[in-house]
Amino acid sequence: MMSVTSTALRTSRELRRLIGFEHLQPHQSVLRHSLNLTTEAPPPQPPPENGSSSSASLSTATQIAHILKTTEDETWKTDDQLNQLLHSISSSAPSLSSVQFLQITRQLGDSDIAFKFIHYLLSNSSSSGVGSFSSVFQAIFELASREPNSLNKLVNFFNASKELNIPLSIYSAIFLIRLFGRAKLAGKAMLVYDGLEQSLRNTHVRNVLIDLLLRCGRLDDALQVLDEMLQPDAQFPPNENTGEIVFAGLMKSEKHERDVKEEEIVDLVSKLGEFGVFPDSMRLTQMITKFCRRGGSDKAWDLLHMVMKLDGPVEAASCNALLTGLVRQGEIGKMNLLMKEMKERCILPNVVTFGIVINQLCKSRRIDEALEVLEKMKSGENGVLVEPDVVIYNTLIDGLCKIGRQEEAFALLERMNSGVQCVPNTVTYNCLIDGFCKVGELDKACELFDVISEKGVKPNVITVNTLVDGMCRSGRISSALEFFHKMKDMGLEGNAVTYTSLIGALCNVNNINKAMDLFDEMRKKCTPDAIVYYTLISGLSQAGRMDRADSVLSQMKKHGFYPDIGCYNMLISGFCRKNKLDKAYELLNEMKTAGVRPDVVTYNTLVSHFSKKGDFQTALGELRNMLEDGLVPTVSTYGALIHAFCLCGDLNEAMKIFREMSSGTAVPPNTVIYNTLIDALCKAKEVEAALSLLDDMTAKGVRPNSNTFNSIFKGLQDMKWLDKAFELMDRMTEQACHPDYITMEVLTEWFSVVGETDKLRKFIQGYKVSATMA
């Protein structure tokens, strides 16, 4: 018997812990109706001399439970012992009676027997006393929750309690709300809540319901319950638990039936703040971060300042989150204002705060100001002494390297090495190595790499990639390959970026076979990305190995990568150079089918190819296609046609296109086009027309170069127009166009024959030489 009693007590304690009332005693449940019981617990009585009254009640309860379990329910009315024992309970103190009913029902161990027991009690009780049996239903719910098909039983017993007009205790209500919530039956939980009188819907009950509704995605229902608590005259206002439940639930917006607007969250924080309920530092930081990530730094600003206005707790972490968002949005003015407000409110900045400021200054290339902030941190000038961490030093070193101040960055590294609190890490050395590689100081970068091993800092794949790329860009491909293989032997394998740098460099020097060997090696070690495929296709196309380029293209598609317009243009250009027009047009049709529209480069490639071949009809047809696709021809488009017409001696067509460019298009001719025409005209002995074009260049602000003058000098030499040559030499001097070796070769040969070497000497010295100045 004692073991059963102990089990009952233990179950009662666990239930109270489950529903959040572990500090209350079982007899403190509130009942709506009571004939023989009061709603408040009596003052504690001194324990009797011979044992505890509660032990006696447990003994009585155990006896009653034993009879109920071992006899049929039809005999209960005629069982004298049972009726006497129940009578003794009814005559005891009201609160003790409620406890005993709870103990009896729990010991029955079966919800069906317990339900028969309550029917037996109702048949032997007046209708005005049914409220005292709330504790019986509380035990029935507990028993049913541990039995098979528990959910259906709980629903049925809950409906039965309403039909029998037996009110739920707060314990029962919270118990059912939580169980229905776990079963995602939010509607049933709402019915339980609605069945409670207003006086029983205390803050804890509402908190449990709000938590359930938010977890089930019933946002509007949860906000409606919360709104009742936020009324100025609310009997049960929100507490800290309310705030934690609401703030945590609002952050899980993916569970709700609709998005929670930032305005709603700011409004709720304001209303809860009126009751002294605020999000803690972690929740406030989460909210601000989420707002900023959505691009709502304005709302994040409003939220933080709302909490400040209501004198809520604000720490550096929340300010840091807003500072980060403001930096991302480029709101530098607000960032400076927030830093000022932090100082006014004595919110001490931490290392993260300074890190955000320094990072922004470095991104804005305001490195000197960032270095000033570093000194203020160390001196405590801002009212707080903060030791900079490795992230801050790395940010400054990277910023200095990006503006070419590598030596100052190196000095910061030395400063870190001289201290004990902030030790350089791999990122520190990577920033410096990259900085020295960018300015071509590879020897210094390699020295730093050697220092890494001495300092016990482990290099990573970024270190390898930085040095390999730096060596490749400086043309030291053999050194890059040697370093790459050395790192592999040390167990530091490269990745797709490493292979891309090496393959690209090898393609640039036309070492295609080695590039393909690396590509084959790469496929065994790591998955090639689109950039590797594009790099290899470009190199193969430029080398004229179009069959291999086409093969790489097929592999690329097989692995789920599809060429972009740049890749298609490289291939089309390569096939055109190989005169494989069927393949070029096959790719052109393929790209159109794939939804990749040809661009100016595509059409320029085709126009140029057909122009060089002398197929002007097809070239002009591609120009028309270009215009029909809504593309504007470029200087290169017209230049290809003009150059081709000049080569075949059709200067009339070339000049016709030139005049169209000059008057009918938005693409004015440039120096190259003028030079092409001037050279062709001079070769055709039309030097006057060439000189006219030179005047046109000057009038339109197109600057001639040495090639322009060289073509005309050759034409003048052929025509033996010496005076015109002197004038042209003066124009060349006036326009600060320096003669090149071709200029000197043409003039030396000509002037030596005609005896004008003195004027050539003056021309070289920068003096005017025309006849009018003689």
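Let's start with helices α39 and α40, residues 722–734 and 741–754. In this predicted model, the two pack at an angle of about 140 degrees, and their axes are 13 Å apart. The crossing of α39 past α40 is left-handed.

Who meets whom here? On the α39 side you'll find Leu-722, Ala-725, Phe-726, Met-729 and Met-732. Facing them from α40 are Thr-743, Leu-747, Trp-750, Phe-751 and Val-754.

Now let me step back to the whole chain for a moment. How many helices and strands does the protein have? There are 41 helices and zero strands. The protein has 774 residues, and 48% of them count as buried. As for contacts between residues at least 6 apart in sequence, 63% of them join residues at least 24 apart.

The structure holds 15 aromatic pairs. Take Phe-101 and Phe-133: their rings sit edge-to-face, 5.6 Å centre to centre, with 85 degrees between the planes.

A second pair is made by Phe-115 and Phe-157. Why do we call this one tilted? The ring centres of Phe-115 and Phe-157 are 5.3 Å apart and the planes stand at 45 degrees, so the pair is tilted. Because Phe-115 lies in helix α5 and Phe-157 in helix α7, residues 150–163, the pair ties together parts that are 42 residues apart in sequence. Phe-157 has a relative accessibility of 7%, so this residue counts as buried. Phe-115 and Phe-157 also belong to one aromatic cluster, together with Phe-137 and Phe-141.

Please keep Phe-137 and Phe-141 in mind, as they come back with Ser-172. Ser-172 is in helix α8, residues 170–182, and counts as buried because its relative accessibility is 1%. Setting aside neighbours within four places in sequence, what does Ser-172 contact? The list is Ser-134, Phe-137, Gln-138 and Phe-141, so two members of that aromatic cluster, Phe-137 and Phe-141, touch this serine. For Gln-138, the C-alpha to C-alpha distance to Ser-172 is 5.2 Å, although the two are 34 residues apart in sequence.

You'll find Asn-430 in helix α22, residues 426–438. With a relative accessible area of 8%, under the 20% cut-off, Asn-430 is therefore buried. Which side chain does Asn-430 join through a polar contact? The partner is Thr-463, at 2.6 Å. Not counting residues up to four places away in sequence, Asn-430 touches Asn-460 and Ile-462 as well as Thr-463.

My last stop is Glu-263, in helix α13, residues 262–273. Buried, exposed or in between? Glu-263 has a relative accessible area of 44%, so this residue is partly exposed. Leu-303 is 40 residues from Glu-263 along the chain, and their C-alpha atoms are separated by 9.1 Å.

That's the tour. Thanks, everyone, and I'm happy to go back to any of these spots on the screen.

Terms used: Residues numbered from 1 in each chain as written. Predicted model: local features only at pLDDT ≥ 70, side-chain atom pairs only at ≥ 80, totals over all residues. Heavy atoms only, no water. Axes fitted to C-alpha atoms, helices over the stretch in contact; angles between N-to-C directions. Helix = DSSP H or I, 4+ residues; strand = E, 2+ residues; numbered from the N terminus. Left-handed = near helix turned anticlockwise from the far one by under 90°. Contact = heavy atoms within 4.5 Å. Buried < 20%, exposed > 50% of the residue type's maximum accessible area, 1.4 Å probe, protein only. Polar contact = N/O pair within 3.5 Å; in protein donor to acceptor, adjacent residues only side chain to side chain. Phe/Tyr/Trp six-rings, centres within 6.5 Å; stacked < 30°, edge-to-face > 60°.
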